[in-house]
Structures are given as structure tokens and as C-alpha cells.
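Student: I have a structure open and would like to learn how to read it. Where do we begin?

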Amino acid sequence: MMPAKRLLIVYHTQSGNTGALAHAVFDGARQVLDVETRLLRAFDAGPSDLLACDGVLLGTPENFGYMSGALKDFFDRTYYPCENKTNGRPYGIFVSAGNDGTGAVREIGRIANGYGWKLACEPLIVRKAVTPGDLTLAHELGEGFATALSMGAF
């Protein structure tokens, strides 16, 4: 039997909106029993977590049209230790945005490109207050990403 795939969800939350999305993403991913899923705050995740996963979902609030400083810090702390060791890794993004969220998505994409990762799904951008419908979309993001990871679709 093949070993389980490992999914890492890294997020930062300030107001709680991105945290609610992250927990919904996590709950969705946990529906896929043959994927081991870890949910970590950006300040708590490090190179060993990134090296140990087969796919990563990144969650951030949009701050001034950019990702949160905490998620940027995660990238700063993991880039060189993981350089050329995570090429081809599938990733996805979820953003809690006060504006349109596209700046955060664009800049995460630029950094992910430097890691050699490939965007595996459409980014989920939630604008303003998080609704039950948004939580459903986040749950579906987690479950869909984990299912595709389990099937080797990436």
C-alpha cells in the first residue's frame, strides 16, 4: 500500500476571517482519509513542514493589496532551506479580502514560482465578511485539493 499523501495548510489570520476559512479548508481536506492534513499558523510552520508535504494550501488576509506579513515571513524562513527541494509541488490559495484580493494572489504566485510550485486550483477570494456560503466553498477547496492529491492528479 502506498503511503498517505501529506497536505500542509499554512495560514495567517488577524480578524478571524482567514482563520474561519482555514478551518473550513482543513475540515474539507480531512474528509479524504488517505491524505494526512496538517493545519499550521504561518509563524508556526517551517522548512521541515514544507519539505514533508506533497501539496500546500496557503491562506492569508489581504493587507494593503498584499499577503500578510506572517505569510511573507513563512516564505522568507523556508525559501533557502527548501530551495530546489519542492519543485513541482501543487499549491492553492485562499484569501480573505477587504478589497479585491488579486494583489495577494499575484504576489503569492510570484513567490511560489520561485519555489518551482504549480498552481493547482483557482484561488478562493472571499470579499468582506465571511458567509456560510464562503465556508462551504472553503470546505470544497480543501476536500477537492486533498482528493486530487490523493489520486495523484497533480
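**Reading a strand and its salt bridges**

Tutor: We begin with strand 3, residues 55-61, which is mostly covered: seven of its seven residues are buried. Keep in mind that this is a predicted model.

Student: Which way do the residues of strand 3 point?

Tutor: They point two ways. Gly55, Leu57, Gly59 and Pro61 point one way, while Val56, Leu58 and Thr60 point the other way. Residues on both sides are buried.

Student: Which strands pair with strand 3?

Tutor: Take strand 1, residues 5-11. Strand 1 and strand 3 pair in the parallel sense over five bridges. There, leucine 7 stands opposite glycine 55 of strand 3. Now take strand 4, residues 90-97. Strand 4 and strand 3 are also parallel, with six bridges. Leucine 58 has isoleucine 93 of strand 4 as its bridge partner.

Student: Through which helix does the chain cross from strand 3 to strand 4?

Tutor: The chain passes through helix 3 on its way from strand 3 to strand 4. This β-α-β crossover is right-handed.

Student: Now the charged side chains. How many salt bridges does a search of the whole structure find?

Tutor: The search finds five. A salt bridge here needs a side-chain nitrogen of Lys or Arg within 4 Å of a carboxyl oxygen of Asp or Glu.

Student: How are lysine 72 and aspartate 76 placed in helix 3?

Tutor: Helix 3 covers residues 69-82.

Student: How accessible are lysine 72 and aspartate 76?

Tutor: Lysine 72 is partly exposed, at 27% relative accessibility. Aspartate 76 is partly exposed too, at 47%.

Student: What does glutamate 107 meet in a salt bridge?

Tutor: Glutamate 107 meets arginine 106, at 3.0 Å from N to O. It also forms a salt bridge with arginine 110, where the closest N and O atoms are 3.7 Å apart. Arginine 110 and glutamate 107 lie three residues apart in helix 4, residues 102-115, so they are separated by about one helical turn. Through shared partners, Arg106, Glu107 and Arg110 form one network.

Student: Is glutamate 107 buried or exposed? And what of arginine 106 and arginine 110?

Tutor: Glutamate 107 is buried, because its relative accessible area is 16% and the cut-off for buried is under 20%. Arginine 106 is partly exposed at 48%. Arginine 110 counts as exposed at 57%.

Technical notes: Residues numbered from 1 in each chain as written. Predicted model: local features only at pLDDT ≥ 70, side-chain atom pairs only at ≥ 80, totals over all residues. Heavy atoms only, no water. Helix = DSSP H or I, 4+ residues; strand = E, 2+ residues; numbered from the N terminus. Buried < 20%, exposed > 50% of the residue type's maximum accessible area, 1.4 Å probe, protein only. Pairing = 2+ DSSP bridges. Right-handed = clockwise from strand over helix to strand, strands pointing away.
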